Amino acid sequence: MKKLLIASAVAALTTAAFAAPNPATATFDVKLTVVKACSVTAGTSVDFGNADAGAAPSTANPTNTINVTCSKNTAYTVGLLPSNNSLVGAGAMKGTGTNTDTIAYQLRSTVGGTGTAWGDTVGTNTKAGTGSGIAQPITVWATVEGTTNVLPDTYKDTVTVNVRY
């Protein structure tokens, strides 16, 4: 009988030592890779208002607000490029239709006729920032640099906002 009890005990211990765990387990990861990103909106037109031919425009230092949204801690630069591809931000507003007259203007990162020129050469005349995940407003100013002694018309130009990150 003792031998039977000992054999039963050994069998029970052996079975318990090799029994599968209950519950059986495994693991897996939940993963998302967040990449840096930026977006930009350009606001409204920079509007100099009206001017009599040969006179200064009614709005001397018009502004526009650019909103840059970049992911947290993402360094970026904002460059402005007029349609004539001037890397120093010196543009030319053109008349409509067959009118070939132009009015020169300068984009600026600070107010006034002597404000800092704002162009599209990184490290020279762009504006730098660091993203926060929310829109960051940046003001751009413009000044008329040329004569308004031109054919009466509506003059305009298109500026491209380049956000590099």
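Residues are numbered from 1 along each chain as its sequence is written. In this predicted model, local features need pLDDT of at least 70 and side-chain atom pairs pLDDT 80 or more, while totals for chains, interfaces and linings use all residues, and side-chain values rest on heavy atoms, without hydrogens or water.

The chain holds 1 helix and 8 strands, where helices (H or I, at least four residues) and strands (E, at least two) are DSSP runs numbered from the N terminus. Read from that end, the order is α-β-β-β-β-β-β-β-β. Of the 165 residues, 28% are buried, that is, under 20% relative accessible area with a 1.4 Å probe and protein chains only. Among contacts (heavy atoms within 4.5 Å) with a separation of 6 or more, 72% join residues 24 or more positions apart.

A pocket is an open set of points on a 1 Å grid where a 1.4 Å probe fits, with protein on both sides within 12 Å along at least five of seven lines; lining residues have an atom within 4 Å of a point. The largest pocket is lined by 35 residues, with Val46, Phe48, Met93, Tyr155 and Lys156 nearest its centre. The elements giving two or more residues to this lining are β2 (63-70), β5 (102-108), β7 (136-144) and β8 (159-164).

Finally, the rings: Lys127 lies over the face of Trp118, 5.8 Å from the ring centre, where the rule asks for NZ of Lys or CZ of Arg within 6 Å of the ring centre and within 35 degrees of the ring normal.

Methods:
Buried < 20%, exposed > 50% of the residue type's maximum accessible area, 1.4 Å probe, protein only.
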